[in-house]
Structures are given as structure tokens and as C-alpha cells.
Amino acid sequence: MAAGQAALITGAGSGIGKATAQAFLADGFRVVLAGRERDKLEAVAAAGGESLVVECDVTKPDEVAAMFDRAKVRFGRLDVLFNNAGVGTPFGVNLEDLGFEQWRRVIDTNLTGAFLCTQHAFRIMKAQEPRGGRIINNGSISAHVPRANSAPYTASKHGITGLTKSTSLDGRKYDIACGQIDIGNALTELAAALPQAEPMMDVRHVAEAVLHMAKLPLNANIQFMTILPPKMPYIGRG
């Protein structure tokens, strides 16, 4: 089903983005690998499959526009966008001590970057033949149960949920489906830096879940998916 389909994955050089890109490539997708560190993106591309490496900072509108232009020229269409690029702030910094630039960096990367990518995906998906496509947003369990000292990250992920809902509604007339995956404790470089020990799951399970969402026909959609280790302290105490 994925043969010939084209996907664009932001933050594809590490963590969840890397694992997802590898899963998509192995399944036969043609993949735009987007991120800020070219060496990491090229390492993903070297593993095999048809890919296009694009160095891009999603907070910069001109770079985002150029990335989607390159994707369209290379693959002719766009079937899936995985809005995955994201950053956080140090866990040890109290809310009242965070600098404005720290706040701005998280909001611009996690939320504004996803919005810019969504706009460009719409423009391609509504004009291509066959029309339509799928957008998957990387949300977070933090939007439901935040960790201490995570105000910018948590706020940005609340914004992602709003963007997911608006994208789902506004994409209907173009046959564009949008869903969101909320992830808890996937074992990545970021999770390894958590201030307390908690159960972890293999990041490959997240990649497989995103791939499953991506491969659904456009008359079916997973609106929200939550994936986490069953022993993670999320549902309640006990």
C-alpha cells in the first residue's frame, strides 16, 4: 500500500522521528528526512530506501517553504506529513526562572513549526491527483498530565491538540485526514534524561503505531492515539 507514497517527517534525525523514518523507508515509502542536523539525517538515509535529506529549521518560514518545494519537485506529491519536530526546556529550571527566549523557542518549534508545515502540506495535498493526504501530529501525554517545570512544552502540546482538531475540520473538503499520537516514555535520548526512573518502551513500537496510522485509507482515521508503557504512572496511583 505504501509503494510510491511520499512522506515528510520533521525531526527525522533522532529519537521518535528517526525510528519512524526507518519504519516508513522499510515499508516502501519515499521519505523526506527533515531536521537541523544533516549528518544525522544522512545516517538515516544511508540505511536504505528512497529518501531526500533536507536541512530545515521549522521555525523559519522561508526554510519550510523551500523544503516543501523540494519535496514536490523530487516526489511529485505528498501523501503523509508527520509533524514531529520538537524541543523542551531543562527540567531543573523553575517556571518563574525561565527566560522569554526559552519559552519562545519551544512554542516556535513545537507549535508554530507544525502549523507552517501543515499549511504547505494542505497546498500540495489539495491540488494533487489523486487528491488528499494525511497529517499526523506528535502530541504528548504531557498535555494531560504534565511533569514539573514543563510549562512551555506542555502549553505547546495543548496547542498541538487544537491544531489537530482544526486541521481535521478544515481538511475535510480536501480529503485531508489528520490525527494525533500522544506518546509516553518511549526510550529515546530525551527520555533518558528524565529526572526520575520510570518504565520505558522501545521507540520502535511508536514508529509502528505511526506507520499504522499512515497506512490507513483516507476514508478511515485514527483521530487520537495514546501509546505508553502499561506501568507508566499516567492512569493513576496504585
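This is a predicted model: local features need pLDDT of at least 70, side-chain atom pairs count only at pLDDT 80 or more; totals for chains, interfaces and linings use all residues.
Biologist: Noted! What's the end-to-end reach of helix 4, and what would be expected?
Modeller: From its first C-alpha to its last, helix 4 reaches 36 Å, close to the 38 Å expected at 1.5 Å a residue. Helix 4 has 26 residues, running over 100-125.

Biologist: How do helix 4 and helix 5 cross?
Modeller: Their axes come within 8 Å and cross at roughly 15°. Helix 5 covers residues 151-171. Angles under 35 degrees count as roughly parallel, so helix 4 and helix 5 are roughly parallel to each other.

Biologist: Is that crossing of helix 4 and helix 5 left-handed or right-handed?
Modeller: Right-handed.

Biologist: Nice. Which residues meet there, between helix 4 and helix 5?
Modeller: On the helix 4 side they include Trp-103, Val-106, Ile-107, Leu-111, Phe-115 and Phe-122. Helix 5 brings residues including Pro-152, Tyr-153, Lys-157, Ile-160, Leu-163 and Asp-170. By class, this contact of helix 4 with helix 5 has 13 nonpolar, 6 polar and 2 charged residues.

Biologist: And helix 3, how does it cross helix 4?
Modeller: Helix 3, residues 61-75, has an axis that comes within 10 Å of the helix 4 axis, and the two cross at roughly 35°. The crossing of helix 3 and helix 4 is right-handed.

Biologist: Who's touching whom between helix 3 and helix 4?
Modeller: Pro-61, Val-64, Ala-65, Met-67, Phe-68 and Lys-72 of helix 3 meet a helix 4 set made up of Leu-116, Cys-117, His-120, Ala-121 and Ile-124. That contact of helix 3 with helix 4 divides into 9 nonpolar, 1 polar and 1 charged.

Biologist: What about the backbone at Asn-149, is its phi positive or negative?
Modeller: Positive, about 60°, although Asn-149 is not a glycine. You'll find Asn-149 in the loop between strand 5 and helix 5.

Biologist: Last one: at what angle do helix 1 and helix 6 pack?
Modeller: At about 55°, with their axes 8 Å apart. That makes helix 1 oblique to helix 6. Helix 1 is residues 15-26 and helix 6 is residues 203-215. The crossing of helix 1 and helix 6 is right-handed.

Biologist: Which residues make the contact between helix 1 and helix 6?
Modeller: In helix 1, Gly-15, Ile-16, Ala-19, Thr-20, Ala-23 and Phe-24 meet Val-203, Val-206, Ala-207, Val-210, Leu-211 and Ala-214 in helix 6. By class, the contact of helix 1 with helix 6 has 10 nonpolar, 2 polar and no charged residues.

Notes:
Residues are numbered from 1 along each chain as its sequence is written. Side-chain values use heavy atoms; hydrogens and water are left out. Axes are lines fitted to C-alpha atoms, for helices over the stretch in contact, and angles run from 0 to 180 degrees between N-to-C directions. Helices (H or I, at least four residues) and strands (E, at least two) are DSSP runs, numbered from the N terminus. Angles under 35 degrees count as roughly parallel, over 145 as roughly antiparallel, 65 to 115 as roughly perpendicular and the rest as oblique. A crossing is left-handed if the near helix is turned anticlockwise from the far one by less than a right angle, and right-handed if clockwise. Contact means heavy atoms within 4.5 Å. Ala, Val, Leu, Ile, Met, Phe, Trp, Tyr, Cys and Pro count as nonpolar, Asp, Glu, Lys and Arg as charged, and the others, Gly among them, as polar. The expected span of a helix is 1.5 Å times one less than its number of residues.
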